[in-house]
Amino acid sequence: MDLDPSTLPNDIAALKAIILGDRARRSDTAAYIAHLKLQIEKLKRALYGPKAERTARLLDQMELELEDLETTATEDELRAEQVAAKAKTTTVAGFTRNRPSRQPFPEHLPRERVVLPGPTQCACCGGSRLAKLGETVTETLESIPRQYKVIQHVREKFTCRDCEKISQEPAPFHTIPRAFAGPGLLAMIAYDKFGQHQPLNRQSERFALEGIHLSVSTLADLIGATCVALEPVFKHIETMVFAGARLHGDDTTVPVMARGQTDTARVWVYVRDDRPFGGSGSPSAVFYYSRDRAGVHPQTHLAGYRGIFQADAYGGYNKLYELNRSPGPIIEAACWSHARRKFFELADIARNAKRKAQGKTPAFVAPMALAAVQRIDALFEIEREINGQSPAERLAVRQQLGAPLVAELEIWMRAERAKLSRHNDVAKAIDYMLNRWSSFTRFLTDGRICLSNNAAERALRTLALGRKSWLFAGSDRGGQRAAMLYSLITTAKMNNVDPQAWLADILARIASHPVASIEKLMPWNWTPQSWALAA
């Protein structure tokens with residue numbers, strides 16, 4: 001806003017109010033611009049698909065920047081209003097931001113009515129003959145600090161006047177033996193550690209501030225007992241995952257404490273997700289921990305499995321694809337996202353522009369790699385249109401629209417590869433695909449196969465976030481416990497279930513629940529209503 005000196009008041013307070021109001025407007029404009037930029041990037045990602053991990057990091061950074069700008073804009077707005085209210089002149093008006101409309105609060109939240117006493121006299125004429133027309137309700141969301149209670153299970157003793165025998169009800173089932181912690185507390189501790197990535201030492205400090213003294217060793221004891229109690233649930237999820245006709249697989253690093261240092265261990269994930277082809281199988285994931293990345297680990301995990309396996313080109317999987325394997329060969333389906341990433345890294349124009357703006361020497365952008373990315377993107381565009389359809393419908397569209405593009409891509413890559421030396425980076429990216437061409441094109445013959453292995457990569461994302469908080473696993477056993485709890489939490493999230501509420505429910509019921517009916521406790525059969533009724 002341009003300020004005309006001739007119209008400015010002489011009052012210092014009024015001048016200060018005008019300046020702060022102008023600052024609030026500029027802060028609001030900056031926040032609005034950042035909001036629009038973020039929406040544009042999200043729409044581009046939804047329209048053209050994820051370009052690389054770089055895009056996800058960019059969106060995260062933009063979210064943080066928007067958060068800071070929104071906070072600044074609100075501070076400036078409130079300060080402008082305060083100063084405008086104190087100004088003696090009435091010509092200065094406070095600045096009010098145009099905020100987006102807020103969604104109504106969920107219906108399931110309890111409502112506490114605070115009724116303000118109505119008037120007893122008319123403000124106009126002073127009359128007392130008032131009749132109620134209605135009411136105006138303003139809702140404010142409030143938070144109640146974490147509350148704790150001690151449940152006393154009282155078992156009365158009775159003695160028989162005839163035979164003097166003492167009678168008493170048997171002790172109720174406890175979630176864990178000698179338990180002093182209820183299922184809700186156990187679920188909170190476990191989910192905070194493995195779902196919210198809060199190490200036990202931080203949780204212990206939080207409990208101490210709330211007046212409850214639970215040492216790290218006590219919390220660790222509860223985690224160990226919880227894992228034992230939940231093992232049947234993990235085993236059932238494991239069975240369900242490997243019963244799928246198609247699996248996604250991947251692995252990632254996890255630091256683990258060693259003598260005076262940390263070693264690099266691995267966490268493996270296998271995901272069953274039939275939703276892309278409209279399958280009836282419940283989405284689920286199972287994690288495993290290993291000290292190294294030897295091929296024997298996935299070969300052991302998948303020892304009894306036969307079906308379609310979507311993964312990257314890790315050499316440790318090769319024995320799984322052998323024809324004489326027992327109980328039968330696993331069908332390899334390669335990941336087009338992995339292949340695209342190799343080309344995209346050689347054609348990242350945005351990264352080069354950033355390097356140039358920073359005064360750094362831009363890397364070479366390979367036109368051939370850019371052309372490969374564009375051709376692969378055309379396939380992903382087709383896949384987005386058929387996501388969720390039946391295998392037969394997906395296969396028909398792929399044969400009609402995708403097969404010609406794949407054939408053209410193969411011809412183009414073989415022609416371009418002949419012009420390149422084997423040491424060329426683009427040649428290496430082309431060889432990665434051509435050497436596994438049958439695996440890459442298998443999606444053209446089976447509608448159940450996905451074009452990418454993104455389901456497994458999404459499952460590993462929570463582990464990547466956790467590494468920044470807990471830094472390393474304490475031991476191999478700690479890694480195994482983490483893998484088990486990650487399996488439960490990730491499966492719950494895949495079924496749109498609150499992991500903490502679900503864990504609290506099954507911990508409350510599992511001690512007395514028949515093992516033969518454990519399917520009823522699974523996330524895909526669980527609802528918040530069933531938990532409330534059980535409680």
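Reader: What lies over the face of Tyr432?
Author: Lys342 does, at 4.6 Å from the ring centre. A charge sits over a ring if NZ of Lys or CZ of Arg is within 6 Å of the ring centre and within 35 degrees of the ring normal. This is a predicted model, where local features need pLDDT of at least 70, side-chain atom pairs count only at pLDDT 80 or more, and totals for chains, interfaces and linings use all residues. Residues are numbered from 1 along each chain as its sequence is written, and side-chain values use heavy atoms, without hydrogens and water.

Reader: And which ring has the charged end of Arg146 over it?
Author: That of Phe207, with the charged end 5.2 Å from the ring centre.

Reader: OK, ring on ring now. How many aromatic pairs are there?
Author: The structure has 14 (Phe, Tyr or six-membered Trp rings with centres within 6.5 Å; planes under 30 degrees apart are stacked, over 60 edge-to-face, the rest tilted). In one of them, Phe194 and Tyr486 have ring centres 6.2 Å apart and planes at 85 degrees, so that pair is edge-to-face.

Reader: Is Phe194 buried or exposed?
Author: Buried, at 5% relative accessible area, where buried means under 20%, exposed over 50% and partly exposed in between, using a 1.4 Å probe and protein chains only. Tyr486 is buried too, at 3%.
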